[in-house]
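Please keep the sequence and the coordinates at hand while reading.

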Amino acid sequence: MSDQPASPTPRPGAAFWAVLRREFAGYFRTPLAYVFLAVFNAFAISLAFFIGNIYEAGVASLDRFFLYHPWLWAFLAPAAGARLWAEERRQGTLELLLTWPVTVWQAALGKFFAAWLFLGSALLITLPMAFTVCYLGDPDVGVIVSGYVGSFLCAGACLGIAAIASALTRSQVIAFVTGFLACFVLVLVGYGVFDELLSGVFATGTVDEIRRLGLWRNLEPFTLGLIDLRPTAYFLTVAFAGLGLSTLIVERR
Amino acid sequence: MALIEVSQLQKSYGAIRAVKNVSFSVDRGEVVGFLGPNGAGKSTTMKLLTGYLRPDAGTAVVAGFDVVENPVAAKAHLGYSPEGAPAYGEMTVREFLHFAAELRGLADPAQRVADTLKLCRLEEVAGQSVDTLSKGYRMRVGFAQAVIHDPAVLILDEPTDGLDPNQKFEVRRILKDMAARKAVIVSTHILEEIDELCTRVIVIAQGEVRCDESKERFLQRGTDLNQVFRKLTA
């Protein structure tokens, strides 16, 4: 090594990409990732066939497949996102990472996008479902694409919530359970039973506004082929608010 | 200018004042032994110095960069191994060091990793995941990530804790080899380490600097170092 210590100040992008690559590869270093992908795939397809009766409906469309995605993401995004910060705290590596020349924001962005890409890869594995529908019928491909876009955004929103849960604790189990419960509430909002419950407490106008916050309510337009500004903004706002808030929590350590 | 300048550093955890007005500086070529009982504020001072914690008051400057004002530049010139040498357990030693090199934006990370593996005698376990290593190797991995960029400032929190005599000898040997070009702070509970490794001693107790002097002067305080330590930290 040289006599003159030459420690460069790294380019901001270098740290972001290094964290993103490590985190993404990190999912596949344990069997958990493969279990996760298998569970997502199995449930996504079973729910569509056995509860959504996608085959019996006789329509070449995937709307019954996407119908259950908020439920899946509410469960699986917190499962994938629980490790984001909780694992760093448990292993003691947070102290290491944050004393390397990286800002909390660069690390947080790298981690968040790696997790989102991982969820995206789970979604990609369900593509044979789309190919099957195309083989059996003549669906509107644009509608299928927008459904996938919506589901991916919905995953990001659930991940944003999971990131907050993970930043608050060093236990992945607690991070998962609290993340799941918060996402679960957003899934319930917009379902009939829950609406009735709200109607007993709030005025009709307020209930309508609350319903707009439900995951399915915002995913539905995508499954019909509409990529609207409002639901897109909703998903991205929840995703990035979660990312921002979790980063602030870590920064305040 | 000194490579480490700490001035009037303060940090409280709730009502507990962990670090009270700590000031000192460390020049190139100095190896400072940080002594003090558990909970004395040694680790907190190190965490403040490395930018992991924000001080309530005071400043810490590393290689000319304030760790609060210019954290990324300060950290680029800093190598730090926290207590217990944490590392990403699921990665292999080589992957872990490669990640550290990439994140630091080092040119030719593969070569840096190879050099560091050799320097720290980690070549034979390079392909093993960190989780499967013995404590001695783990501590050396923590040390390796701290020196991979050949930093001007090295801060090591109990780097020989739990090592057997051979492993301790090994870590001290590597440290001595590179100490002339760096400013080094080593926290330790092992008083003999002062004589073998350090050029200066800072004793911290109850968040205050109780003694800051050359090794020679410290050793003149008495033949029984344990008694000297007890007296200073009482």
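## Helices α9 and α14 of chain A

In this predicted model, α9(A) passes α14(A) in a left-handed crossing, a term that applies when the near helix is turned anticlockwise from the far one by less than a right angle. Helices are DSSP runs (H or I, at least four residues), numbered from the N terminus. The axes of α9(A), residues 141-167, and α14(A), residues 229-251, come within 7 Å and cross at roughly 20°, the axes being lines fitted to C-alpha atoms over the stretch in contact, with angles from 0 to 180 degrees between N-to-C directions. That angle makes α9(A) roughly parallel to α14(A) (under 35 degrees counts as roughly parallel, over 145 as roughly antiparallel).

## Conventions and confidence

Residues are numbered from 1 along each chain as its sequence is written, and chains are lettered from A in the order in which they are written. Because the model is predicted, local features need pLDDT of at least 70 and side-chain atom pairs count only at pLDDT 80 or more, whereas totals for chains, interfaces and linings use all residues.

Chain A averages a pLDDT of 88, with 92% of the residues scoring at least 70; pLDDT is the predictor's confidence in each residue, from 0 to 100. Over residues 1-5 of chain A the pLDDT is below 50, although this stretch has eight contacts in the model beyond near neighbours in sequence (a contact requires C-beta atoms, placed from the backbone, within 7 Å). Where pLDDT is low, the predicted coordinates should not be read in detail.

## The enclosed helix α5 of chain A

Seven of the nine residues of α5(A), residues 83-91, are buried, so the helix is largely enclosed by the rest of the structure; buried means that 20 or more other C-beta atoms lie within 10 Å of the residue's own, and exposed means 12 or fewer. The buried residues of α5(A) pack against several helices of chain A, including α7, α9 and α14. After α5(A) comes A:G92, whose phi is positive, near 85°.

## Between the chains, and α4 of chain B

The axes of α1(A), residues 12-27, and α3(B) come within 8 Å and cross at roughly 155°, which makes α1(A) roughly antiparallel to α3(B). Residues A:A14, A:A15, A:A18, A:V19 and A:R22 of α1(A) meet B:F99, B:E102 and B:L103 of α3(B).

In α4(B), residues 109-119, the buried residues are B:R112, B:V113, B:T116 and B:L117. Seen down the axis of α4(B), they fall within an arc of 135°, so they line one face of the helix, the arc being that of the directions from the helix axis to the C-beta atoms. On the other side of α4(B), B:A110, B:Q111 and B:K118 are exposed, while what covers its buried residues includes α3 and α5 of chain B.

Note on methods: Helices (H or I, at least four residues) and strands (E, at least two) are DSSP runs, numbered from the N terminus. Two residues are in contact if their C-beta atoms, placed from the backbone, lie within 7 Å. Angles under 35 degrees count as roughly parallel, over 145 as roughly antiparallel, 65 to 115 as roughly perpendicular and the rest as oblique.
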